[in-house]
Every structure is written in C-alpha cells, then in structure tokens.
Amino acid sequence: MKSLTFALPVACLATVTMFCLGQQGDDPFAVSPDKVAKIKAALPAATPVPVKSQHEVLVFTKTAGFRHGSIPEGLECMKQLGAKTGLFNVTHSEDAAVFAPESLKKFDAVIMLNTTGEIFKDAPAGEDVLKKSLVDFVESGKGLIGVHSATDTYQNWKEYTDMMGGAFAGHPWNSKDTVRLKNLDPTHPLTAAFKGEGLTLQDEIYIFRPDTAKPDARRMLLALDPDGPNMDKDDGNKDGKSDRDLYPVAWLSTYGKGKTFYCSLGHNDEIFWNPVVVEHYLAGIQYALGELPADATPKAVAMLMNDGTLVAGN
C-alpha cells in the first residue's frame, strides 16, 4: 500500500476523516467483513480493571516512510476495543495538524499505530510546534501508546525516543518467521493475558538501536525467548545463541507525569485478531490512560538458556 498524501482541516477527523477520504475513491482504511468478524471474536470481554470513565483517544496512522498494510486492521481493532469495553472513543487522523496544542488537549492518550518517519515535517503549524505539543501533552500526565513501527518514527528526535522507549534498527525476523515470546514479568498486570506463559506466533520482530530499549531504563514485559525457534536469524548470532543481552518486544514506562506503553507486534494483519495480543494491548492502553495501576520501575531481567547459560540481565 502506498502512502497517501492529503491535506485535511483539523475538524476532519475520526469517521469524518474517512468520509472525506471516501469522496476521493475507495476508503483506504476499509477492512473486509471476514477480518472484522475475526477482530470482534478476539476482543476480551472486559478491561483488566473496571472502567472509571470513557476517554478520548487519538489514533494516528500517518506514514512518511514504509507504510504497513496492517494499518486498517489495527485501526479497526482499536475502534472495536474502545467500543466494546467502553474505555475509549477513537478519533482517527493522518493530518498532523491534530497535534496542535488546542486540538491535542481534548485527548487523553495518543496511539501511534504503525507511523513511520518524520510525520510532522511538512505541517503548516511548524514541526517544532507540534513536537513540543506532543512532549508537553505526555509530560502533563497524558498517555502515549506505540504499535510496531511507532519506533521507526522520528528516530533522531531524542524526546520522542525517550517517550516511546526505542529506536528501530532492523528486523532479522520477518513476517513469516515463527518466534516464541518469553513473558519476562508473569505477575505484572500488563502481562495477565499470557496467564504466566509465553506465546508462539508469526510476526516481524524488531531489534533496536543499542542506546535505546535498555532494561535499566524501562520495565520490560516481553522479549524473544532465547530457546525459541529462529533465534539464529540475527546475523550476530553464533551457534543459535544470541550475542545480544535481550531482544525486547514490549515494555512500559513513564515520562513526566504521563504513562507510556509500547509493543512491537503489529506487522501482520492477524496480530490484530490474536486474542492474547489484543488483550495485552488493551491492558497497555488502560495503563497509559491512568486507569490500570502498574509498576513501571525498571526491573532486572535474567533469562536462562536450556543449558543454564545466562543470556540476559542488567
């Protein structure tokens, strides 16, 4: 799918945005009925803790680089999650003007759903204005959630990387590779969907720039299992053993008064109808919205290979 370039007024958002796009042809965010049914079937019955109030959430999907074909499925999943649980309403946009302070302040959290590149660069309001607006938004106590290529967005903007937690450096594991996730924190409320276990699935798995996604800087939740399949995919591996300390997949943190959550799963369409992953995302969103109490303190991570070798720690 090619990236779409268009200019819309700030008010042209959510379902209105889709209506405006529809005037120009087929809706690029349409999801087939069979996929909608799969997404609905994967939705959890309820939020991890009872909903206190309904929140307004911005789902932003603009791309200034690679554009993932799973964006429509991810957007549909977020809309369905919010509607079924009553936790949040979704406003969807690809117009960077929505990040202007007066517009952004109506939201309680932002979900960067497979965004890529420098997404504010050509905004009429000015890139620096929108950058500051997002930082102020999160610092003030609002939420920021990143899905998959949210870490392939503004890699050279330090504040963004500090908020999101990682900067994309590659993906040795491609969309058809089977991997096993290790649950690093089985008793944590954001990993409750895994019921103390890991998970085997197919998806594109990221590695991150070495100065980012560090266990001593944020609370790691999921990582590749060093004993799982295809662990020799990283060119730096020897004899199937990882030469890296950790291949993180999901984490949470704080930024100022705000709460942040990131998960790298979301390249493949089917991620958004995997019940365990969807429930994991819901927990992360409820945490970022300030409703789900969860410890974001960085925690020492240690994983053992089957031969007893310690391969990850801090």
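A residue of this predicted model counts as buried when its relative accessible area is under 20%.

Q: Why is Cys-77 called buried?
A: The relative accessibility of Cys-77 is 2%, and the cut-off for buried is under 20%, so Cys-77 counts as buried.

Q: What makes Cys-263 buried or exposed?
A: Cys-263 has a relative accessible area of 0%, which is to be set against under 20% for buried and over 50% for exposed; Cys-263 is therefore buried.

Q: How many disulfides does a search of the whole structure find?
A: The search finds zero disulfides, a disulfide being a pair of cysteine sulfur atoms within 2.5 Å.

Q: Why are the buried residues of α2 said to line one face of the helix?
A: In helix α2, residues 33-42, the residues Val-36, Ile-39 and Ala-42 are buried. Viewed down the axis of α2, the buried residues fall within an arc of 125°, and so they line one face of the helix. These buried residues pack against α3 and α7 (275-288), while the face turned away from the buried side carries the exposed residues Pro-33 and Ala-41.

Q: What makes β1 and β2 a pair of strands?
A: Pairing requires at least two bridges between the strands, and strand β1 (residues 55-60) and β2 are joined in the parallel sense over six bridges, so they pair. In β2, Ser-93 is the bridge partner of Phe-60.

Technical notes:
Residues numbered from 1 in each chain as written. Predicted model: local features only at pLDDT ≥ 70, side-chain atom pairs only at ≥ 80, totals over all residues. Heavy atoms only, no water. Helix = DSSP H or I, 4+ residues; strand = E, 2+ residues; numbered from the N terminus. Buried < 20%, exposed > 50% of the residue type's maximum accessible area, 1.4 Å probe, protein only. Arc of directions from axis to C-beta. Contact = heavy atoms within 4.5 Å.
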